[in-house]
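I opened this notebook to record what I looked up in one structure. The entries follow in the order in which I made them.

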Amino acid sequence: MFVFPFPEQTLFNEWYAKDTSKKIKSVFQAKGKTGKHVTSNPPYGYLKDKDDPQQWIIDEEAAKVIRRIFQMTIEGRGPFQICQALKEDKVDMPAVHQQKLGIGLYRTRKIPDPYNWTSSTVASILERKEYLGHTVNFKTKKHFKDSHSRYVDDDLWVVFENTQEPIIDQETFDIVQKIRTNVKRWPNGWGPVHPLTGLVYCPDCGGKLYCHRTDNGVNREVFCCGNYPLKKCETGHRINADDLVELVLKSLKAIRDYIQVDADKFINTVQEAVDSQQSVDEKASIRRLEECQTRNDELEKLLCKIYEDNILGKLPDKRYEYLSNQYESELAEIGKEIDKLQETIASYKVETKNARKFMSLIAKYKDFDVLTNAMANELIDKILVFNRDRKGSIQSTQRVDIYFNFIGKFQVPTEPIDPEVQKALEEERAKIEAKRDKLHQNYLRRKANGKQAEYEARYEPKRKKRMAEKRAQLPQYGLVKTEYEEYRKEIRTEQDIPDALLVK
């Protein structure tokens with residue numbers, strides 16, 4: 001076996017490489033912190049300016065594809081569906097497009113399928129902040145012993161805003177990020193997503209309401225709290241999806257008509273509502289900021305105190321280390337919360353143009369006969385569905401709060417109802433409630449004397465049989481694992497399901 005005659009040479013080479021790496025890294029860091037691009041190749045959608053290579057200009061051909069990808073996402077399509085659309089239209093994938101321009105990392109590589117878009121490529125495009133016109137540096141880091149770059153957390157990125165012309169505006173980017181965070185539940189992984197998926201929330205537990213496509217053996221879409229089956233929420237907050245869509249469309253129509261009648265009045269009404277809510281939130285934020293600042297001062301004093309006790313021998317080193325770590329951790333968390341609260345309070349004092357932004361969004365739609373994915377995600381922030389006033393009753397009233405983008409919870413002002421009409425409505429409602437109370441009391445009596453148990457024992461087998469017959473007739477996709485895998489290999493689409501795989 002050959003032995004290197006100078007083993008210390010190996011240590012020197014490693015020290016030299018490490019020292020050289022530090023020097024290169026320091027130059028790299030200095031360049032990136034000045035706002036210059038640290039990447040040698042602009043991302044897909046941008047080109048280097050011939051006069052100033054540090055400046056990026058928009059590649060219009062690629063920018064059209066990027067805008068189309070963002071728009072298709074707003075319309076409710078996922079990355080896989082977007083890939084299928086781009087393949088069908090024979091749109092060059094980013095590597096091929098850059099290869100034709102003589103730039104990028106694949107200038108000399110042979111690419112067999114120029115239209116082979118992948119979901120990961122689409123997802124990375126949808127997450128790039130560079131398309132907002134920003135420079136984002138230090139997204140990766142590399143060790144001197146490792147040739148591969150590793151992605152780091154977002155909070156370690158250094159972002160310089162408005163360094164080049166944007167391809168995507170901030171509103172579109174924010175809507176897409178919200179859509180990407182929404183979990184989409186499809187029956188057995190197939191079928192069109194409901195337009196309100198990811199926008200409906202439970203006000204009690206804060207969880208999302210998911211759309212179930214079947215209800216008691218019937219093809220009926222119903223939203224139900226996802227935490228209810230996990231015993232984390234007391235009730236399911238169930239609501240018929242069609243009723244919820246109808247309510248949303250009705251609210252949007254009312255707001256549009258209100259804007260068309262008097263746009264200035266709409267702006268003033270929204271601004272008053274926003275100012276009123278902000279005044280309440282601002283007071284709460286100021287109160288919490290004072291609490292955090294008080295606790296911050298207490299922690300500073302405690303750290304000084306235990307340090308002095310440790311120096312004087314009153315506090316053992318092990319106990320000092322434990323307390324110091326605990327206080328430092330709490331101090332760091334308090335500091336983050338103080339910064340966030342200060343930013344929030346400062347934002348309340350900035351005059352916003354949210355009403356006009358919402359007006360420009362709603363003006364894009366001529367009618368509200370059908371709720372589309374794009375309409376829901378552009379106009380609606382969230383929907384809160386409360387418990388029914390009478391549990392278990394389908395005809396019971398149920399509170400639903402709709403929060404719109406930019407303007408929050410807004411209701412069109414209505415004229416007061418005539419007292420006589422209001423009295424008649426209340427009397428009719430009282431009669432219905434009295435009838436329901438009587439039926440419920442009869443049920444409790446039957447349950448107490450055992451008659452209800454006898455009835456359920458006699459009726460339950462018939463009910464189960466009828467439910468099984470209904471479920472057998474539902475057009476569900478009964479794909480077992482092996483069939484599913486074979487299907488995914490042969491067919492790359494989410495709409496065309498082979499008849500052989502359908503449950504008859």
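Are α2 and α5 roughly parallel or roughly perpendicular to each other? I first noted that the model is predicted, that local features need pLDDT of at least 70 and side-chain atom pairs pLDDT 80 or more, while totals for chains, interfaces and linings use all residues. Residues are numbered from 1 along each chain as its sequence is written, and side-chain values use heavy atoms, with hydrogens and water left out.

**Entry 1: α2 and α5**

I looked up helix α2 (residues 60–74) and helix α5 (residues 119–127), whose axes lie 10 Å apart at an angle of about 95 degrees. Axes are lines fitted to C-alpha atoms, for helices over the stretch in contact, and angles run from 0 to 180 degrees between N-to-C directions. α2 and α5 are therefore roughly perpendicular to each other; angles of 65 to 115 degrees count as such, under 35 as roughly parallel, over 145 as roughly antiparallel and the rest as oblique. Helices here are DSSP runs (H or I, at least four residues), and strands are E runs of at least two, numbered from the N terminus.

In the contact (heavy atoms within 4.5 Å), I found I66, I69, F70 and T73 of α2 against V122, I125 and L126 of α5. These residues divide into 6 nonpolar, 1 polar and no charged. Ala, Val, Leu, Ile, Met, Phe, Trp, Tyr, Cys and Pro count as nonpolar, Asp, Glu, Lys and Arg as charged, and the others, Gly among them, as polar.

**Entry 2: α5 and α6**

I then followed α5 to helix α6 (residues 170–181): their axes come within 10 Å and cross at roughly 130 degrees. That makes α5 oblique to α6. A123, L126 and E127 of α5 meet F173, V176, Q177 and R180 of α6. By class, I recorded 4 nonpolar, 1 polar and 2 charged residues in this contact.

**Entry 3: aromatic pairs**

I looked up rings of Phe, Tyr and Trp (its six-membered ring), which pair if their centres lie within 6.5 Å; planes under 30 degrees apart count as stacked, over 60 as edge-to-face and the rest as tilted. The count comes to 11 aromatic pairs. One of them, F266 with F358, is tilted, with 6.5 Å centre to centre and 35 degrees between the planes. F266 lies in helix α8 (residues 263–311) and F358 in helix α10 (residues 354–362), so the pair ties together parts 92 residues apart in sequence.
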